[in-house]
Amino acid sequence: MPGSTRPCLGPAAASPSSSSGHAAREVKAGLHKILKRGTKKSTSGLPLSRIVEAMRYIPVLHSVSYAGVWRGQACLTVEQFLDKAVELGFPAIALVAKRPHVSPLDYDEAARRQLRQAIESRKLQLAALMGYTDFTASLGLAGVAPAEMNAVYVEALARLAADLGTTRIRIMTGYLRPDVPVDRQHAEVVTGLKLAARAAARYGVTLCVQNHHDLCIDYRSMIWLLEEVGEPNVKAAFDAWAPFLQGLRGDALVEAVKAMGPWIGWTTVADYVRLPQFRYRAEWTNYERLPIDLVRAVPCGDGEVDYEAFFRGLREAGYQGFVAYEMCEVLRG
């Protein structure tokens, strides 16, 4: 299997024996806190597998947590990651659909069969492939067609998804380009999503658009986008961390989740803290507070994201399905 031997391409990847053990402790300590908020039943002292039985959610381990992208993060091969998911008691996984894990460039027909067998032999469910799109990349440059280029990538992922036995792909919108009118960027994203959705539909795949990139990051803009795209196999991958950084918590977050409810087909949990930043001003012998805080990852339940409100919104919206766990930043400790 290609991802079984490929070295991690991320910066300064730590050895699996060291930081993957730290990551495992983060998962075990934190995910219980978050997922138990998804049920009103008592789950005190239960292992993760039993908590799953008491909930309406299926916990998913995302392989980005073991891709060696962030400083201090472990870098596991695909097979090592599958074993880690089993060790932690996860019933389902999501795979990064690019190097160093599962790029369609590296997986021919035989490698796809081998990976699918490896997943099924461990009694894991492949819940989704995690795509990395930017439908506005290079927009404004003559001769470049970002909507079409990203749609082709998504089509390759849809074929890969069908071969591996999943019907979901997580994708993203686009980053704002300062030199291109915003409405042109929005139109490019709509065009790209339509093209990608129709290509994915040929393989029976649903696209879940994450509230991650700049365009349509606000939940009201995301609803507008999804309505404009209007494809039945385009849903939302709606997470709590972006609304948290936009200042939503409590009832405001609940209402945002409920508004998104009809569209939600996926969600990912991760917890963060904000660390205020300052610059020394010698002329005042004092520090100037910078306008943007540094954000760092902590175990779920130890951070500032209001998951109590977020899961209340999911319950009231009637969401039942996958809840992925990821560690997408430098970890505490």
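This is a predicted model: local features need pLDDT of at least 70, side-chain atom pairs count only at pLDDT 80 or more; totals for chains, interfaces and linings use all residues.
Strand β4 (residues 168–171) and β5 run parallel to each other over 4 bridges. I took strands as DSSP runs of E with at least two residues, and helices as runs of H or I with at least four, numbered from the N terminus. Two strands count as paired if DSSP finds at least two bridges between them.

I then noted that R170 stands opposite C208 in β5. From β4 the chain passes through helix α7 (residues 182–201) to β5, in a right-handed β-α-β crossover. Right-handed means that, with the strands pointing away from the viewer, the path from the first strand over the helix to the second runs clockwise.

I next turned to the other partner, strand β6 (residues 234–237), which is parallel to β5 and joined to it by 4 bridges. Here Q210 stands opposite A237 in β6. The chain reaches β6 from β5 through helix α8 (residues 219–229), and this β-α-β crossover is right-handed.

Why is β5 largely enclosed by the rest of the structure? I found that 4 of the 5 residues of β5 (residues 206–210) are buried, so the strand is largely enclosed. Buried means under 20% relative accessible area, with a 1.4 Å probe and protein chains only.

Buried residues make up 53% of its 333 residues.

I record that residues are numbered from 1 along each chain as its sequence is written. Local features need pLDDT of at least 70, and totals for chains use all residues.

Conventions
Side-chain values use heavy atoms; hydrogens and water are left out. Buried means under 20% relative accessible area, exposed over 50%, partly exposed in between (1.4 Å probe, protein chains only).
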